[in-house]
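Please look through the sequence and the structure shown here.

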Amino acid sequence: MTHLSRRAFAGALPLGLIGAGALVSGSSFTSPARAAVPAIEKPVAGITPLAQIRIGRFTVTALTDGFADMPYDFFPGRTPQEVEDAAKRQLTARQSGVRFLFNQYLIEDGQRRVLIDAGAAGSIGKTGQLPQALGTLGLKPEQIDAVIVTHMHQDHMGGLVAGGRQVFPEAEIFIDRRDVAHWTDAGKRNGAPDYLQTSFRMAEEVVRLYPRLQAIDGERDIMPGISVVDLTGHTPGHIGVRVEDAGKSMIMVSDMIFPVVHPMATDVFFLFEQDRAAAKAMRDRFFPQAAAEGALVAATHMPFPGLGHLVREGGALRWQVADWALQD
């Protein structure tokens, strides 16, 4: 893995929080007669959450495709009860499990639009909201110039092939060559468990529908200021994406970090990880380094917008939500 300090990590300059819906607040003062009338409950309008930060010349917009709750027994390395207890301590416990968001990040510099990951597109949980999120920005999928897929699990590439079609027809697609090789290998597919079969099927569709797909090798620049970081472990070609300009930077780490269980421990895994030893080794290297450097991290499955820092406290690491909103 390229050293995180190859270029300086610094905080981003936030632009703000955007919502497609509006919350209407009433007066905090009411007459006794008025107060006696029961309030009429109205359904809450759907809100498409968007959050923007500035990294030098880049505007980075956090989008979400939706969410899914992962059962407590999806985290090898801890018992289901231990994971649920951890969720209770963090006040996030649900009967249905650990809530995973599916965050994507749109990078714009006034000339090109680069999307990191494409969401699950309804293939898991309550997902499929990415097109709506892009529409809130006034964008259509054909206006995206490039999509960087961090790895070929269904929740990261499903939006490329939703409905069996080429959803982003004008986009260059970048995926690590090792992941392309793994997820299109018939032998590996035949020996894989049922819960990975959707990812194998989608991988074949991605290769078929995007003949200009660029299978990339190792760390490289996608364009000036946007580069690939090798985070191999979660999958054979799992990558991150660094965005940097004018002394500021952010690293999108995809599935390096999962809610509730990380970054406190590196020996807790997720059911979909095939090489647990490699995943642990990468987290063992990355977590302390990111904490030491104060890296601004964007993570796919952390609570929206997935922006935070790894902070060392009392000899242990924890996730600290980034202070990004409504700042000068």
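**A histidine, a strand and a pocket**

Leaving out residues up to four places away in sequence, His-234 touches His-151, His-153, Asp-255, Phe-258, Glu-273, Gln-274, Ala-279 and Arg-283, where contact means heavy atoms within 4.5 Å. The model is a predicted one, in which local features need pLDDT of at least 70 and side-chain atom pairs count only at pLDDT 80 or more, while totals for chains, interfaces and linings use all residues. Residues are numbered from 1 along each chain as its sequence is written, and side-chain values use heavy atoms, with hydrogens and water left out.

Two of these neighbours also make polar contacts with the His-234 side chain: the side chain of His-153 at 3.2 Å and the side chain of Asp-255 at 3.0 Å. A polar contact is a pair of N or O atoms within 3.5 Å; within protein, one must be able to donate a hydrogen and the other to accept it, and residues adjacent in sequence count only if both atoms are side-chain atoms. His-234 has a relative accessible area of 3% and is therefore buried (under 20%; exposed is over 50% and partly exposed in between, with a 1.4 Å probe and protein chains only). The loop that holds His-234 lies between strand S11 (226–230) and strand S12 (239–245); strands are DSSP runs of E, at least two residues, numbered from the N terminus.

Next comes strand S3, residues 58–70, where 11 of the 13 residues are buried. S3 pairs with strand S2 (residues 49–55) in the antiparallel sense over 5 bridges; strands pair if DSSP finds at least two bridges between them. The turn of the S2–S3 hairpin has 2 residues between the strands, and Gly-56 there has a positive phi of about 60°. Thr-61 of S3 is the bridge partner of Gln-52, and Thr-61 also stands opposite Leu-106 in S4. S3 and S4 are antiparallel too, with 10 bridges. A further 2 bridges join S3 to the antiparallel strand S6 (residues 126–127), with Phe-67 partnered by Lys-126.

The largest pocket is lined by 21 residues, and Gln-90, Thr-92, Pro-259, Met-302 and Pro-303 lie nearest its centre. Strand S4 (98–108) and strand S16 (316–321) are the elements that give two or more residues to this lining. A pocket is an open set of points on a 1 Å grid over the protein atoms alone, where a 1.4 Å probe fits, with protein on both sides within 12 Å along at least five of seven lines; lining residues have an atom within 4 Å of a point.

Note on methods:
Helix = DSSP H or I, 4+ residues; strand = E, 2+ residues; numbered from the N terminus.
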